[in-house]
Amino acid sequence: MTIERLLSTEEAAKLLGMNRSWLDRARTSGTGPTFVRIGRIVKYRPEDLRRFIEQSSTTNEAASR
């Protein structure tokens with residue numbers, strides 16, 4: 001089994017082009033990307049961030065509904 005490097009909240013926010021406070025709020029409200037909690041530490045898998053981006057993609061037509 002290969003384990004991909006987990007990203008910190010700061011790294012994940014930078015990758016998404018958002019700030020850390022947005023990612024913290026999205027995590028607590030359940031609207032953000034899937035995350036891993038190890039004790040009190042929160043980490044993000046790169047594949048979960050890619051999936052979140054793909055699921056968040058929309059077209060103007062879909063956004064106007």
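## Salt bridges

Let's start with a pair of side chains: E11 forms a salt bridge with R5, and their closest N and O atoms are 2.6 Å apart. A salt bridge here is a side-chain nitrogen of Lys or Arg within 4 Å of a carboxyl oxygen of Asp or Glu. The model is a predicted one, in which local features need pLDDT of at least 70 and side-chain atom pairs count only at pLDDT 80 or more, while totals for chains, interfaces and linings use all residues. Residues are numbered from 1 along each chain as its sequence is written, and side-chain values use heavy atoms, with hydrogens and water left out. E11 itself is partly exposed, because its relative accessible area is 32%; buried means under 20% relative accessible area, exposed over 50%, and partly exposed in between (1.4 Å probe, protein chains only).

By the salt-bridge rule, the count comes to 7. One of them joins R20 to E10, with the closest N and O atoms 2.1 Å apart. This pair links distant parts of the chain, as R20 sits in helix α2 (residues 20-29) and E10 in helix α1, 10 residues apart. Helices (H or I, at least four residues) and strands (E, at least two) are DSSP runs, numbered from the N terminus. R20 is partly exposed, since its relative accessible area is 38%, and E10 is partly exposed as well, with a value of 45%. A network of salt bridges links E10, R20, D24 and R27.

Another salt bridge pairs D48 with R51, whose closest N and O atoms are 2.7 Å apart. Both residues belong to helix α3 (residues 46-56), where they are 3 residues apart, about one turn of the helix. An α-helix has 3.6 residues a turn, so residues three or four places apart point the same way. D48 counts as buried because its relative accessibility is 6%, whereas R51, at 41%, counts as partly exposed.

S8 is buried, as its relative accessible area is 15%. Leaving aside neighbours within four places in sequence, S8 is in contact with K43 and Y44, where contact means heavy atoms within 4.5 Å. From S8 to T34 the C-alpha to C-alpha separation is 13 Å in space, and the two are 26 residues apart in sequence.

T9 is found in helix α1 (residues 9-16). T9 counts as buried because its relative accessibility is 5%. Not counting residues up to four places away in sequence, T9 touches R20, L23, D24, R27, V42 and Y44.

The buried residues T9, A12, A13 and L16 belong to α1. Seen down the axis of α1, these buried residues fall within an arc of 100 degrees, so they line one face of the helix; the arc is that of the directions from the helix axis to the C-beta atoms. Just after α1, G17 takes a positive phi of about 75 degrees.

## How α1 meets α2

The axes of α1 and α2 are 9 Å apart, and the two helices pack at an angle of about 105 degrees. Axes are lines fitted to C-alpha atoms, for helices over the stretch in contact, and angles run from 0 to 180 degrees between N-to-C directions. That makes α1 roughly perpendicular to α2; angles of 65 to 115 degrees count as roughly perpendicular, under 35 as roughly parallel, over 145 as roughly antiparallel and the rest as oblique.

On the α1 side the contact is made by T9, E10, A12, A13 and L16, and on the α2 side by R20, W22, L23, D24 and R27. The residues of this contact divide into 5 nonpolar, 1 polar and 4 charged. Ala, Val, Leu, Ile, Met, Phe, Trp, Tyr, Cys and Pro count as nonpolar, Asp, Glu, Lys and Arg as charged, and the others, Gly among them, as polar.

## The two sides of α3

Which residues of α3 are buried? They are P46, D48, L49 and F52. These residues cover an arc of only 160 degrees around the axis, which puts them on the same side of α3. On the other side of α3, E54 and Q55 are exposed. What covers the buried residues of α3 includes α1 and α2.
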